[in-house]
Amino acid sequence: ILNILQLNLKKTQNIYELQEAGAQGVCRTHYVISEDPKANHITVTKFKDLSHCQERIMKDVGLAYTERCHECTERIKSLIETATYNYIMKPASAGVLIAEATVEEVHQFSPFNEIHGAAQMEAKQTLAFVEIEKTPVAPIKADYLARGSLQYEFATEILQTPIHLMKISDAPAQIIEILKHLVANNVDMVHEDAPLKFVQLIQLLRVSTLENIEAIWAQFKNEPVHRRWLLDALPSVGTPVIVKFIKEKFLAGELTLPEFIQALVVALQMVTADLETMQLTASLAMHEKISTIPALREVVMLGYGSMIARHCVAVPTCSSELLKPIHDIAAEATSKNDIPEITLALKVLGNAGHPASLKPIMKLLPGLRTAATSLPLRVQVDAILALRNIAKKEPKLVQPVALQLVLDRALHPEVRMVACIVLFEAKPSVALVSSLAGALKTETNMHVVSFAYSHIKSLTRITAPDMAAVAGAANVAIKLMSRKLDRLSFRFSRALQLDFYHTSLMVGAAGSACMINDAATILPRAVVAKARAYLAGAAADVLEIGVRTEGIQEALLKSPAADESVDRITKIKRTLRALTNWKDLPNNQPLASAYIKLLGQEVAFIKIDKTIIEEAIPIVSGTKPRELLKAALKALQEGIALQYAKPLLAAEVRRILPTAVGLPMEFSLYTAAVAAASVNVKATITPPLPEEIETMTLEQLKKTDIQLQAEARPSIALQTFAVMGVNTALIQAAVMARGKIRTIAPGKVTARADILKGYYKVEALPVEVPEHIAALSFETLAVVRNIEEPSAERTVPLVSELAVQNSQTSAEYMSSENSDEVPMRAPAPFDKTLCLAVPYIEIKGCVEVHSHNAAFIRNTPLFYIIGQHSARVTVARAEGPAVERLELEVQVGPRAAERLLKQISLIDEETAEGKAFLLKLKGILETEDKNRNSSESSSSSRGSSSRSSSSSSSRSSSSSSSSESRSRVTKTATIMEAFGKFHKDRYLAPHGDSKKVGSGSSGSSFERIQKQAKFLGNSGSPVFAVIARAVRVDHKLLGYQLAAYFDKPTARVQIVVSSIAENDNLKICVDGAVLSKHKMTAKLAWGPECQQYAVTAKAEAGVLGEFPAARLELEWERLPITVTT
């Protein structure tokens, strides 16, 4: 009420603008004052633009790691907020009397451009003067607190989720009830409402005290299934109580190390980042038990850095004192030359991204401080990468530092290229990018030139609004650089950036990849890949993965592989030899390292060094793995039955805003999923394994026959809620979009491995499937809930099915606001059923689709989403003989021919039978050619002249293999000339003899080998055979078989795939031979007796100058119409 009655009136102006403080913050406000002499009153109208506030009062959850894309919302808005106040004032003896005060607040939101339609929430309140009582109101005698302003203060809004309204009377009892429900109903398969129940469990845990959680833990900690559900839910609660609980239980030895790490990683990212929680996390990092486990300490330290980043988003004036412990650790580690500690400190500072860390980081940057040049290269790289999150907040501070590093030719090329990445992420101006382009003209290191040029060129194609200025600068800079740089090979370092952004939908995605190579080795020094997403005016770095091979690189540089005088093939051989001799690698640095970032925060990194390898070898080859193997084999023979469920709160994004009427409203997005699986496995091993498995010899293992039976029923349920409306602990009134997905994929297989006989078999057996193996639904509705009757919620679909049954009623409703408009008729829902029967196995799959949207109101993306949509997938037995099982058999060795169900033979073209078959096939192909040519002629006559020439070209290219071969070789020779005369003169004959060289040298020898034996199966048995078939009740053979033959003297391999069905001579033949160390030829043919279509490939390796080269030729005798048209 005080907020409504707040006025800032000016006597000298009737229309003016000011920044006015109110419940929602300090916002832009317009006043219009008008006087009505006839009615003897003054009207004051106040307009508040809530989208333009200096200090907007709001509460964000789950948005700390997102960036606001200001450029995305300059012209297109997804959220419009405004409030209009109207006052009627009448003169009175003591001054002015407010006769009426009215406020109307409107919030309009759409995930897309709001001009194409949006969801609206209106809040109205009216105060009217009634009378003046002569009896004075006695003030209440109490202590009044000074609030300071009218600004709204958040209390318990964060504890109430908007997707349901729970009456919490006894939180511990309700937690136990839901926990038991989740455990009991997610055993064999996941329950449809399991995700919603999991969110309810999290909400109840949020309002519970530490004592309540302790009591529940004590009750269920010895029950494995209940324990897992609790440990999955507690980290998502996000309250300081949970961090304290997890810490105490680990220190008390009640949590295993994997349980603690899993819970802590999630909890540190979800917990509210206040001063109390940060102090708790800092004390946890310094605890003696945590310090003795390096991996655990890294998790805590990285989480502490992320917590500082989130705190500074909520409190922009956050103190740099929060980072003092990390600065001290970095300084102390530098003085002691403790490289692992320096690396960890830099990663923590990189997560925090506070500008106050710039100075400590610069002390570790090469070129800027002389002490930093003595640090290892990986530390210098980590110091530069730590600037990236700082660059998002203060790009002007980072840009000159990054540019100076890029231009410093005394630095290592990798350092300069990493600095180039940071420079462009800091969104440099045209002047800076042009300066870089100018410096590259005289750059001598081609890796740096290639990397910077490819990065600038890829930026010229960027369409994302937040990178528009950088794209413009890149377009200017690229004109200053030589186009010859386009021809640099991929052995040089490169950067690539691609993106897509749809302006009207305000949706986009971007991806970048950077590969830093080394001139002396074949392995890249570093690879970094990142994915970025845009939605509704926000942007976020979703995922980033980086891998470095610095230690391996330095070891290779010290090996003979680094000798520049040797050829490339020798380098590769020496490189492989150096990698196998890992014991000679250095002890003082990692051989390789990798890291992963989620939403711009590094959550984990790993280093692989010689010490880790030496420690891992005894673990793998010691007694413990043998004991585990023995226990696993024993359990398999007895039979294993597992039931496992894993819940996940995948997304919780909320923005809570105060309204003029005093109730909070919010925009929120929730996504929760639960995966469950039941697995039954049993193995039969003949003869039984010896008691001491380590005494088992290879010969004994070869005589073992292993049979395995397994049945599994994996299932997943996912629910997503998008809500806009009022959310309090007493009432909820909102517009909601609700999506559900549930999938069940049962399977049953048996497998057998007879190692002695070389026989392996897998069978897929029939299994009982549910009515729908997958179901998806999405609906939009309005919902109202009251705490007095939480189970009696009222929901109204935004597009009612009733509107379809009575379209006239719908039209009258839609046009009620303006009777002059033409009534709109809601179309009938879209219902479609698509079915597909899989041949041979007699299984029919159907997809039922139902959709009813609001596009009849407005043809925009939002109205296509509004409504009810569903899809269901069913799998059932089709008409025909039932299938008993599906089989896949593999036979290796001399018994392969015995396993073939149908004798394999190929037509010999020289026999009378073969000539008759080819004559019949030729007639079929000629008919096909006539149909193709007539089709092309008719289409070209209807098209343009360009289309006619295209059709003519298509016909000529398929005329005969000989003409194609000549055309192909001529084109190849023309292309080869571009590589230089050395290669042409040395390896190609003159143009007139090109056919002889291109076709005769390798082709004739391969044809000679084929003539010696058309089919290798006539003179030998297959090396192995594979049979895939469906076993039906009518015993009809259906399936395919593969036989592979090998002729060692000619190094020839022949593979034949044929149908096992009667009267089906369709075959696929692959015939290849290694003609020399540098040449090989292969032919793929298919069709009846492998005579209908054929493609031949010839590959040759050599050198071009000092570099390795390869030549690949393809020629075809005939291709299917679907390929050539």
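Let's begin with the contacts of the protein chain: among those between residues at least 6 apart in sequence, 64% join residues at least 24 apart. Contact here means heavy atoms within 4.5 Å. This is a predicted model, in which local features need pLDDT of at least 70 and side-chain atom pairs count only at pLDDT 80 or more, while totals for chains, interfaces and linings use all residues. Residues are numbered from 1 along each chain as its sequence is written, and side-chain values use heavy atoms, with hydrogens and water left out.

**Exercise 1. Find how many helices and strands the protein chain has, and what share of its residues count as buried.**

Step 1: Helices (H or I, at least four residues) and strands (E, at least two) are DSSP runs, numbered from the N terminus.

Step 2: Buried means under 20% relative accessible area, exposed over 50%, and partly exposed in between (1.4 Å probe, protein chains only). Of the 1125 residues, 41% count as buried.

**Exercise 2. Work out which residues of helix α7 are buried and how they are arranged around its axis.**

Step 1: Helix α7 covers residues 275-285, and its buried residues are Thr277, Met278, Leu280, Thr281, Leu284 and Ala285.

Step 2: Look down the axis of α7: the buried residues fall within an arc of 160 degrees, so they line one face of the helix. The arc is that of the directions from the helix axis to the C-beta atoms.

Step 3: Now turn to the other side of α7, where Glu276 and Gln279 are exposed.

Step 4: Follow the buried residues of α7 to their partners: they pack against α5 (240-251), α6 (257-270), α8 (288-291) and α9 (294-314).

**Exercise 3. Describe how helix α16 crosses helix α18.**

Step 1: The axes of α16 (residues 413-425) and α18 (residues 446-459) come within 9 Å and cross at roughly 15 degrees. That makes α16 roughly parallel to α18. Axes are lines fitted to C-alpha atoms, for helices over the stretch in contact, and angles run from 0 to 180 degrees between N-to-C directions. Angles under 35 degrees count as roughly parallel, over 145 as roughly antiparallel, 65 to 115 as roughly perpendicular and the rest as oblique.

Step 2: Pro413, Arg416, Met417, Cys420, Ile421 and Phe424 in α16 meet His447, Val448, Phe451, Ala452, His455, Ile456 and Leu459 in α18. By class, this contact of α16 with α18 holds 10 nonpolar, two polar and one charged. Ala, Val, Leu, Ile, Met, Phe, Trp, Tyr, Cys and Pro count as nonpolar, Asp, Glu, Lys and Arg as charged, and the others, Gly among them, as polar.
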